Amino acid sequence: MFGFSRPQGVSFLIMLAAVIISPAFFYPILLMKVLCFALFACAYNLLIGYVGLGSFGHAAFFGMGGYIAAYSAKKWGLDPALAIIAGGLVGAVLGAVFGWLAIGRQGIYFAMITLALSQMVFFFCTQASFTGGEDGIQQVPRGKLFGMISLQDDMAMYTVVAVIFLVTFLLIHRIVHSPFGQVLKAIRENEPRATSLGYRTDDYKMLVFILSAGIAGIAGGTKSIVFGIATLTDVANAQSGEVILMTLVGGMGTIFGPVLGALILNFIESYLAQLGAWFAVTQGVIFVLCIMFFRRGILGELAARLKVAL
Amino acid sequence: MSLSRRSLLGTTAAAATAFGAARSGRAQAANTIKIGVLNDQSGPYRDTGGVTSVACTKLAVAEFAAKGFNVEVVAADHQNKPDVGAEIARQWYDRDGVDMIIDVPTSSVALAVAGVAKEKNKLHINVGAATSDLTGKSCAPSLIHWCYDTYMLAKSTGGATVKAGGDSWFFVTADYAFGQQLQKDTTAFVTAAGGKVMGSVAYPFPGTTDFSSFLLQAQASGAKVLGLCNAGGDTVNSIKQAHEFGVKMKLAAMLMFITDVNALGLDVAQGLTLTESFYWDLNDRTRAFTERAKKVTPNNWPNMVHAGCYSGTLHFLKAVADMGIEAAKKGTGTAIAERMKAMPTDDDAFGKGSIRADGRGLFKSYLFQVKTPAESKGKWDYYKVMGETSATEAWRPLADGGCYYLKS
């Protein structure tokens, strides 16, 4: 019904099953973090994997979405669902601004403009009073969903996060496999030809940039509601790098790759945290190995071997 | 069909590898008390806390002859990031069965961890962080703040500096919860004593290593006293650079530890006044404690945070033994905190003390002056005692804190 091919359908069912049963085996907070980052990576993948636009500034949308959701939930007592949506909207608006400035540029110039703008957002966040600077926005209440269901319980929260993730994941899948998505892929493969066929490629790129930024904002908002805190970490440059890494490790341009990438990197981070600084080294080694042996990412490589699209 | 079966196999294999790396850590021995030391092990506060805090916590555990239960110590680096700290705390309390988290320097992280401790009703003994909000507007029934805070530092060092003629101040402040609170508390004492504040500048934390522009700004203000509202490596760097630039102002390091003096060397640090609640050479008991501590941390002698980790852990274990292990494991963090408050503290590092209803640990505070190289007789012989404030005088009065659970 969502235009899944058979292998994709099977993969989706496996993912669905994993989402449902994994809380029985793993720490739900860690799983929620994985899902938030998976969403973030999927949003990023929508841009780099399907249109070929490499943004270096996605943390700005993720982090700002987090701040807005945290602020509106804490200061205005907004319903958590509305707070997350507010985060997504602000991410989209910010994406529109970024896109307006960057879309006309290609390749490295595009990347540099997004990087510069996200650094501006970062320094804005260190100074603006509503973000709490270094302290961040702390002790954000999870609140009650639709005013009724308390999210204090981790399993209730997990269910909400899982639903947000699955719905947005299907949305992304739908976008990618729609006629609109076909045009995006045409732009990725050969932009002048897409232009010559009569498509206003800049408009398409702009729209998908806003979508990607909005979904990143939703991911950030969800994360800050789950953890009850929004800080500079999420808006910092390193977070943009992290999401690139997740997407590349999992498989750029595959629909499930970013989810797998987020899963792998978050589990590594969680279980190697005792190593302290060595964690970053491990992450670097993984990245290098990935570049050397799985240039298309884990799922990308697998899909190529099996000659299917995942 | 064969295609989809292969893809199925492939995806399951990928999923299995990722899942196989994980393990469930829920099993928890019923008679093991688990202590988590959470602090900065790689950044600017690694010497003031860091591995020496872990060593002193373990020392307390070793000295506390096991009374029918085992004690396990785990440690982690919070990288001075509130989100990292809160996440580790959550995981420790929820998943790893940690009963008490100790140390947690960096006030921004401390406030986040205190929030988690309050939400989960688990015990947190804060030693490393300074903000007086931990027993004020961010207090929690399961939170205890051990041996120093911004109020006590401001009262002792700030008050003494104004009395010695330093009546106009300029602050260089680390721009987060701790620096801001310390500046606020110090300003209150300076103005109350008739001094005035000529200005202040806040620098980004963490990550600032070049203080020159802030120091020149301070010198240009014409104030007599340069108040440093920072800590650890930042304090060391700013004092060093003030020395190199030949800044003529009197330096007031509002928070400084003996470990910082050691890093600076007496040539640069001599003459500074500072406040700590512990010094190794105070009396026979502190010397005895330091002799034992030196065996586990020979190159970094304990400062008040390290001594506080020892003292706090010891008192916690005494309270657990007093309650009985079963009651302690079953009980809430608040229950253990209440037992700790009900018992007077007594150990070699701080002598006799107590914990107030709002979680404030009450100990004497000492005003020290750093010795000149000529006065120093040996390794770590750095301080002259200039004065002491009794445990009843040193801290913010109970009524002024505004701790919510006392009002009922």
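The questions below go from confidence to overall form and then to single sites.

Modeller: This is a predicted model, in which local features need pLDDT of at least 70, side-chain atom pairs count only at pLDDT 80 or more, and totals for chains, interfaces and linings use all residues. Residues are numbered from 1 along each chain as its sequence is written, while chains are lettered from A and ligands numbered from 1 in the order in which they are written.

Biologist: What is the mean pLDDT of chain A?
Modeller: pLDDT is the predictor's confidence in each residue, from 0 to 100. In chain A, 98% of the residues reach 70 or more. The mean pLDDT of chain A is 91.

Biologist: Which helix of chain A has the lowest mean pLDDT?
Modeller: Helices are DSSP runs (H or I, at least four residues), strands are runs of E (at least two), and both are numbered from the N terminus. Helix H4 (residues 80–102) of chain A has the highest mean among the elements of that chain, 96. The lowest, 82, belongs to helix H13 (residues 278–293) of chain A.

Biologist: Where in chain B does pLDDT stay under 50?
Modeller: Chain B as a whole has a mean pLDDT of 89, with 92% of its residues at 70 or more. Two residues are in contact if their C-beta atoms, placed from the backbone, lie within 7 Å. The stretch under 50 has 36 contacts beyond four places in sequence in the model. That stretch is residues 1–28 of chain B.

Biologist: What radius of gyration does chain A have?
Modeller: The radius is taken over C-alpha atoms, and the globule rule is 2.2 Å times the number of residues to the power 0.38. For 310 residues, a compact globule would come near 19 Å. Chain A agrees with that, at 19 Å.

Biologist: How many helices and strands are there in chain B?
Modeller: Chain A has 14 helices and two strands. Chain B has 15 helices and 15 strands.

Biologist: Why does chain B count as compact as a globular protein of its length?
Modeller: The globule rule gives 22 Å for 408 residues. Chain B is close to that, so it is as compact as a globular protein of that length, with a radius of gyration of 23 Å.

Biologist: What share of the residues in chain B is buried?
Modeller: A residue is buried if 20 or more other C-beta atoms, placed from the backbone, lie within 10 Å of its own, exposed if 12 or fewer, and partly exposed in between. In chain A, 52% of the 310 residues count as buried. For the 408 residues of chain B, the share is 56%.

Biologist: Are H12(B) and H14(B) roughly parallel or roughly perpendicular?
Modeller: Axes are lines fitted to C-alpha atoms, for helices over the stretch in contact, and angles run from 0 to 180 degrees between N-to-C directions. Under 35 degrees is roughly parallel, over 145 roughly antiparallel, 65 to 115 roughly perpendicular, and the rest oblique. Helix H12 (residues 304–323) of chain B and helix H14 (residues 333–342) of chain B pack at about 105 degrees, with axes 9 Å apart. H12(B) and H14(B) are therefore roughly perpendicular.

Biologist: Which residues of H14(B) make the contact?
Modeller: H12(B) brings several residues, including B:Phe316 and B:Met323. From H14(B) come B:Ile336, B:Arg339 and B:Met340.

Biologist: Which residue does a cis peptide bond join to B:Phe205?
Modeller: Omega of the bond is about -15 degrees. The partner is B:Pro206.

Biologist: Is A:Phe146 buried or exposed?
Modeller: A:Phe146 lies in the loop between strand S1 (144–145) and strand S2 (149–150) of chain A. Its phi is positive, about 50 degrees, although A:Phe146 is not a glycine. With 9 C-beta neighbours inside 10 Å, A:Phe146 counts as exposed.

Biologist: What is phi of B:Gln79?
Modeller: B:Gln79 sits in the loop between strand S2 (70–77) and helix H3 (82–94) of chain B. B:Gln79 is partly exposed, with 19 other C-beta atoms within 10 Å. Phi is positive in this residue other than glycine, near 55 degrees.
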